[in-house]
Amino acid sequence: MARIYGYLRVSTTGQDLSNQAHELVGFMAKQKLSLHEIVEETASGTKSYKDRALGPLIDKCTAGDTLVGCEVSRLGRSIIEIMEILGVCLKKGIVLRTIKENLTLDGSLNSRVYLFCFALCAEVERSLLSARTREALSARKAAGVTLGRPRGSLSKSCLTGKEAEIKAF
């Protein structure tokens, strides 16, 4: 029996999955479909899909299953990785569906062309975002703003309060 899996991802802990979850539930209700399972995670799209919850989810899927995500960029941020994900899904007989782009990626020529275009857009956006961040940091540094923690400052970390244990080790 074919199953439908939902995949939701945000990049940082400061972001919220509730908008994606709302979109997914609304989409499923509109399509009169039911989800077998929803997989949620907080992980950068630059991290390999195999090292995120998406990898084990794809491994779990079998021929005829459907993987639904809110948009192509939630799968990954590079053309190569998104195309690899699509290739693995097609080889296994898994259908990919996206809500925002309203795509059904089932291995047809049209779905491959659409996916390539959206993957290219996701990669360009990531590059532009990275460039804007570097430019903003350079401008702040040129303006004399000290970036990062002040030298010698002690900030809390997962090791704070475990100094004695560390020294004993």
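Visitor: Which residues is A119 in contact with, leaving aside its neighbours within four places in sequence?

Guide: In this predicted model, A119, which is found in helix α4, is in contact with V72, I79 and I82 once those sequence neighbours are left aside.

Visitor: Why does A119 count as buried?

Guide: The relative accessibility of A119 is 0%, and buried means under 20%, so A119 counts as buried.

Visitor: What makes α3 and α4 a pair of helices that meet, and which residues are involved?

Guide: Contact means heavy atoms within 4.5 Å, and on that basis I79, I82, M83, L86 and L90 in α3 meet R112, L115, F116, A119, L120 and E123 in α4. The residues of this contact divide into nine nonpolar, no polar and two charged.

Visitor: How is the arrangement of the axes of α3 and α4 described?

Guide: Two packed helices are described by the angle between their axes and the distance between the axes. Here the axes of helix α3 (residues 79-92) and helix α4 (residues 109-142) come within 8 Å and cross at roughly 150°, and the crossing is right-handed.

Visitor: How do you know that R97 has no salt bridge?

Guide: A salt bridge needs a side-chain nitrogen of Lys or Arg within 4 Å of a carboxyl oxygen of Asp or Glu, whereas D106, the nearest side chain of opposite charge to R97, is 9.1 Å away; by that definition, therefore, R97 is without a salt bridge, although R97 is buried.

Visitor: Where is R97 found, and what is R97 in contact with beyond its neighbours within four places in sequence?

Guide: R97 is found in strand β4 (residues 95-98), and beyond those neighbours its contacts include F27, Q31, L33, T66 and L103.

Terms used: Residues numbered from 1 in each chain as written. Predicted model: local features only at pLDDT ≥ 70, side-chain atom pairs only at ≥ 80, totals over all residues. Heavy atoms only, no water. Axes fitted to C-alpha atoms, helices over the stretch in contact; angles between N-to-C directions. Helix = DSSP H or I, 4+ residues; strand = E, 2+ residues; numbered from the N terminus. Left-handed = near helix turned anticlockwise from the far one by under 90°. Nonpolar A, V, L, I, M, F, W, Y, C, P; charged D, E, K, R; others polar. Buried < 20%, exposed > 50% of the residue type's maximum accessible area, 1.4 Å probe, protein only. Lys, Arg positive; Asp, Glu negative; His and termini not counted.
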